[in-house]
Structures are given as structure tokens and as C-alpha cells.
Amino acid sequence: MGKRRRSRRRGTKWEKKYRRTKEGMEQTLLSRREIDDNGCWLWTGFTRRGYGRIMWKQKVHDVHRVAAHIWLGFDLDSDLWVLHKNDCNRRCFNPNHLHIGTRADNERDLRQRRRN
Ligand SMILES: [Zn+2]
């Protein structure tokens, strides 16, 4: 895109049109889910390494992190991780199946999962 657009930080027509609101994003997520027998909300959009990925505010995010932001009040800029329940699919973004933890929590979960 042109230099002019990039130099103006906020309030341009272009940004208003393309920056999706939290409500808009919620609708987008809900329109691309498939609910499985576990009650998992499986993302049907673009994925990478098994995780749903989505563009928001000109950045690419993990779908489950965006879901935690919308429904659990998670800060997207946080260093914390959004983790899945043990039996969950990576594409799942059901907020009831997510919890917020540290990198160490994630490694512990993975170890436990390997043992099962
Ligand atoms: Zn799930």
C-alpha cells in the first residue's frame, strides 16, 4: 500500500473500512466454526501448523488467542500463552476449552499429553 496510508496512524478512511471491531471479529470467528462431538469449536478458515490463523489490525494472530481476547479478556500483546485443554484439537477456539498460562505450563501439558 502507499506511503501516505502508512504514515497516518489512525482515523483514515482506509483504516475505518478495514480495521475490524471486536464485535466484527467475534462474528467472523463464529461464522467459521464447526462444532464437533467434544464441543470443540473447530476453525474452518486458514491454518498453519495445525493452528487457525487470522489477520486482524494488520497482524496475523492465532485464532485461539483472538478467541481468548474476545471472550476471556486476554491481552493479545501479552507474553502469556493461550493453552488448550488436553483432549482438544489445535484448531479449537471454544473459550471454555482454553486457559491462559505460561510457556512452562504449556511444556508441562505437552509432557502429560505424551504420557497418556
Ligand atoms: Zn476444544
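Biologist: How many helices and strands does the secondary structure of the chain come to?

Modeller: In this predicted model, the chain has five helices and seven strands. Read from the N terminus, the elements follow the order α-α-α-β-β-β-β-β-α-β-β-α.

Biologist: What is the strand order of the open sheet of three strands, and is the pairing parallel or antiparallel?

Modeller: The general idea is that strands of a sheet pair through backbone hydrogen bonds, in either a parallel or an antiparallel manner. Here the order is 3-4-5, and the pairing is antiparallel. Strand 3 (47–48) and strand 5 (59–62) are the edges; each has a single partner strand, so one side of each has no neighbour in the sheet.

Biologist: How many bridges pair strand 4 with strand 5?

Modeller: Strand 4, residues 51–56, pairs with strand 5 over four bridges in the antiparallel sense.

Biologist: Which residue takes a positive phi in the hairpin of strand 4 and strand 5?

Modeller: That residue is Lys57, with a positive phi near 50°, in a hairpin that has two residues between the strands.

Biologist: Which strands does helix 4 lie across?

Modeller: Helix 4, residues 63–72, lies across strand 4 and strand 5, and runs at about 65° to strand 4.

Biologist: Which residues have the most contacts inside the largest nonpolar core?

Modeller: As a general point, nonpolar side chains in soluble globular proteins tend to be buried together. In this model the largest nonpolar core has 14 residues, and those with the most contacts inside it are Leu29, Val63, Val66, Ala67, Phe93 and Leu98. At least two residues of this core come from each of strand 2 (41–43), helix 4 and strand 6 (81–84). Helix 4 gives the most, with four residues.

Biologist: What percentage of the residues in the chain is buried, and what share of the contacts with a separation of 6 or more joins residues 24 or more positions apart?

Modeller: Of the 116 residues in the chain, 21% are buried. Among contacts with a separation of 6 or more, 45% are between residues 24 or more positions apart.

Methods
Residues numbered from 1 in each chain as written. Predicted model: local features only at pLDDT ≥ 70, side-chain atom pairs only at ≥ 80, totals over all residues. Pairing = 2+ DSSP bridges. Contact = placed C-beta atoms within 7 Å. Axes fitted to C-alpha atoms, helices over the stretch in contact; angles between N-to-C directions. Buried ≥ 20, exposed ≤ 12 C-beta atoms within 10 Å, placed from the backbone. Core = buried A, V, L, I, M, F, W, Y, C linked by C-beta atoms within 7 Å.
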